[in-house]
Structures are given as structure tokens and as C-alpha cells.
Amino acid sequence: MAAKDNKPTSPSYNDGAAYFDMGEHTLRIPMSLHAENRRRLQERLKARGLGGGDVVLLQGGSDSTRYSGDADIVFRQEPYFHWAFGALEPGWYGALDVATGRAVLFCPRLPEEYATWMGRIKSPQKYQQRLQVDEVRYVDEIADVLREMTGQAGALHTLRGVNTDSGKTTLEAAFDGISRFNVNNTLLHDEIAECRVYKTKAELEVLRFATCVSAAAHRCVMRKIRPGMKEYQLEAIFQHHSYYHGGCRHQGYTNICGSGCNAATLHYGHAGDPNLRTVGETDICLFDMGAEYYGYTSDITCSFPASGKFSDDQKLIYNAVLKASKAVMAAVQPGVSWVEMHRLTYRMILEALKEGGVVQGDVDKMMEVNLGSVFMPHGLGHLLGLDVHDVGGYLEQYPPRPTPAGFRSLRTARTLEENMVLTIEPGCYFIDHLLDQALANPEQAQFLVPEAIARFRGFGGVRIEDNIVITADGMEDLAGDTIPRTVEEIEALMAEGQQEEVFVPQLHAQQKLGQ
């Protein structure tokens, strides 16, 4: 439906409406999502004894340019601030009164010339209407407003803690005059991180949308892939589809588009080894890509043959990983240990590899020497939300990181609980240096079939990654049944796609040169 009177169709940015969307074809998100998050945080802090005069202060992200130049880096909001307040612009602060729940945002006071270069300047009242907070003031008023909120005996609670996935410290709020306040930075981090572990119904809707958009984009890639394409062209198809059809401007992480041997590089696609290889006819492809909507990200991996038809070896490895995925999905529910799910994954993969003649001997003894970590050196999955590796995995009150190979790559060792969102991403890879280490280790080498290991060198790998939420009695796949997962489903989809004409620039150029 066309917008009336030529008004913009993105209300969250343009007309002050209290929701976010990217047009009628995308998900509309009410600002009540953030009000509920603030209420949950308020309740946790009250339970810790906080009350009158205690104020949570979060600082949003700042915009920046590339190195010494003036070209902007596309801004994305700091996740903790976004979780609590929903303001998408740079340079903001947000305060929450623990006793009353009063929420105050602080926006930059922009100079008049901003309107010339950057667009019209919105008033605090417009922001207040759009973001549904109690008040919006200017950043240069922050000290006076916070003094009124804390009184003489209250405290500012700022965010300081270490992200156990990145090792980086969170952005702690700071402003001119903060030294005159009683600042406590020891309490907030674990409480707000713990809130983020459990998703609300509104947050689950956003994650479902992002996941379904990504699932559709993956299907599009599987239909359009042709041997001779570059990996980056398939990445481009994914990005175009998720943005054009789903309004997902950003990706949750650097896309991994590994074909052939590149499918064995777990975080392939980075600046040092970008998605550049030409896809071959006999390649297995491992494409790990996830679109982000309103800051919430998906994280899906699809593995499939470039030709559209699985070879016997490709089918063997793919079905081994699929067996593990199905076993974990059947087992997860509240009360289950994530570490034990990782262990189950190893067992399922080793059993399938034994059936396929890649390994030999007693699977129980293979488990004792941790043979599974040779084929799957990463963790089973991770928490998912505003960060692709979402926070809360190793908070102080929960089990520490395990130490054995493979297990130490788990991004959490927690027991599963309702409304946790995680990825389930078993994989099986043939990584030369890990195979060499295992062959040199008598405890592990006795289980390897040398001829089969030699055959699979250069194969790459397979990963199957789904996004799930833990329910009261099991789990829900956030993509529903929209991703083809069996060999038969994948081959059928790709066969349909091969009936379509796909323009491949380099092949077109070769045809022109041959004329």
C-alpha cells in the first residue's frame, strides 16, 4: 500500500510514532519492548536492595569516521543501551530511577547547521513521544537532572564488566561532572546481562522475524548458486535479499561463505581471507550468514553441494551432522546441561563416522580420548540476541568454562532455562593440522582410518546451524520449517532453482569475449 500524501513509511524515524518498522512488509516493533526490559531490570535491582536515590545510567554509542578521514562508519547502537531504551541515534544517555521506574533520556543539543547537512532537528518532545519514556532532556543538562534524581545520598549505577566472548570491557557511562556523584560500577553488569539472557515475547517476535528473513535469503542463495560464481557474489545475494525483502540493513557478523577447502575454516570471510574463491562443481559449500533487524540478529548456517546433488562422501558427512542436530533438538529442555548437549553431539558424529568407515573401534573409548574435538573443535552453539554471541554465558554465579579441547570453545556451560535463545550448530570438518595432531597421538590415531582420512583431506566441512528458543517442555525452531535440512529437501530446492536463469557477470563477460 502506498503511503498517503507522500509521507515517509518509516514511522519510527519520521513521524514520532511509538514503534519501529522498515515499511509495511516488515515487522512493527512497539516501544513497549524496552519499557518491559526496564521493568525487568528494575525488579532485579530492587531484589538486590536498591531503591530511593539509586539510578541506572547507560551511555549509548558514538559515531565515528574511518581513521583520519571524514567518511562515516555506519552507526549501530550500543546493545545494552538499545535493550533498555531503543534510541537508535548516537551520542545519547539514558537514566532509570530504580525506585519509581522513571526513565529519562538525554539527546545531544544539535547546532542549527546540522539541519543543512544532516536533516531536520527533532525536539525532545518528539523523541519522548516516539520512545515512550517519561522525559527527554539534552545531554548538557545531564548533571543537573541526575542530581535531582539521586538526591544527596543516592548512587549512579554504571555498566562495567567484561564480555566473556570478546574479552572487551563494556562501555561505562561518563560525562563532565560525574566525579561529583556517588558511582557504583560493581552491581549493574551481571544483573542486566542476566536480564538479556531471557527473552520476552516481544523480543522473541523480533528474533523470529530476523531468523525467517535470513532463512528466506539462504533459500535464495541455494537456488541461485552456480559453479563458477565467486563466494562474495553469493554473499551479495544474501545481503540483497535480507535488506530488500526484510528491511535488514545490517548483518549480525561477518558473513562466512566457504566453498571447498574454505568450508573447514571456522571463521572464514574475514579481511585476511575474504569470501573470494571461485566455487567449483564438486565443492561442498558452508554458508554461515545472519541478518539483523532492529539490533536483534539471527545466525544460520546452511551446507549444500555447489552442483545441487550430494556426492556419497558429501552425503555421509552431512548426514552425520544432521544426526547430531536432530539428537540435540530432541533432548534440549529446561534443566538440561549445555555441556552435556555438546558431549551428545560428539557421540552422534562419531557414531555416524564409524558407520561411514572414517573412524573405527569403540565409540565409548573414542569419547574418553575426546576424538570428537578433532572433527568439531568449536562449541555446540551460543546464546543469541542483540549480540550474535549474546551476553551472560559465564556470569560469576554459573559454571565456569570447561577445559578440554572443543569443550573450552563453548560460549556457555549453563543449564538451559525457558526463554533462553541459542544456536544449535554441530559441525564436522577435516582440518589438516588437527588431523595431523590426532594421527601423531597414539590414543586418538588408533581410531582413525588412514585411507578415509586421506580421502577427506581438502573436503572442507559441514555445519548445520539453527536458532532455537527453550520452551517449557522442549524448544522451538525460530525459523519453523522454512529451511531445507534433509538431503532430499536440499536437492529438491536446488533443482527448482536450476530451472531459473541467473546472471553471472564473469560468465557473461567470457561469452562476450568469445564472440
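Guide: A pocket is an open set of points on a 1 Å grid over the protein atoms alone, with protein on both sides within 12 Å along at least five of seven lines. This is a predicted model: local features need pLDDT of at least 70, side-chain atom pairs count only at pLDDT 80 or more, and totals for chains, interfaces and linings use all residues. Residues are numbered from 1 along each chain as its sequence is written, and side-chain values use heavy atoms, without hydrogens and water.

Visitor: What is the volume of the second largest pocket?

Guide: About 470 Å³. A volume is the space filled by probe spheres set on the grid points, which are joined across faces, edges and corners.

Visitor: What makes a residue part of the lining of that pocket, and which lie nearest its centre?

Guide: A lining residue has an atom within 4 Å of a point. For the second largest pocket, 20 residues pass. Ile-256, Leu-266, His-267, His-389 and Arg-411 lie nearest its centre. The lining has five nonpolar, nine polar and six charged residues. Ala, Val, Leu, Ile, Met, Phe, Trp, Tyr, Cys and Pro count as nonpolar, Asp, Glu, Lys and Arg as charged, and the others, Gly among them, as polar.

Visitor: What makes a space a cavity?

Guide: A 1.4 Å probe fits there but cannot get out. The structure holds two cavities of 30 Å³ or more. The second largest cavity has a volume of about 30 Å³. Its lining includes Trp-83, Arg-196 and Glu-203. By class, that lining divides into three nonpolar, one polar and four charged residues.

Visitor: Glu-203 also sits in helix α8. Which residues of α2 and α8 meet?

Guide: Leu-33, Asn-37 and Arg-40 in α2 meet Ala-202, Glu-203 and Val-206 in α8. Contact means heavy atoms within 4.5 Å.

Visitor: Why is α2 called oblique to α8?

Guide: The axes of α2 (residues 32-47) and α8 (residues 201-224) cross at roughly 130°. Under 35 degrees is roughly parallel, over 145 roughly antiparallel, 65 to 115 roughly perpendicular, and the rest oblique. That angle therefore makes α2 oblique to α8.

Visitor: Why do β10 and β14 count as edge strands?

Guide: The open sheet runs β10-β11-β14, with antiparallel pairing. Strands pair if DSSP finds at least two bridges between them. β10 (256-259) and β14 (300-305) each have a single partner strand, so one side of each lacks a neighbour in the sheet.

Visitor: How many bridges join β11 to β14?

Guide: Six. In one of them, Ile-284 partners Pro-305 of β14.

Technical notes
Axes are lines fitted to C-alpha atoms, for helices over the stretch in contact, and angles run from 0 to 180 degrees between N-to-C directions. Helices (H or I, at least four residues) and strands (E, at least two) are DSSP runs, numbered from the N terminus.
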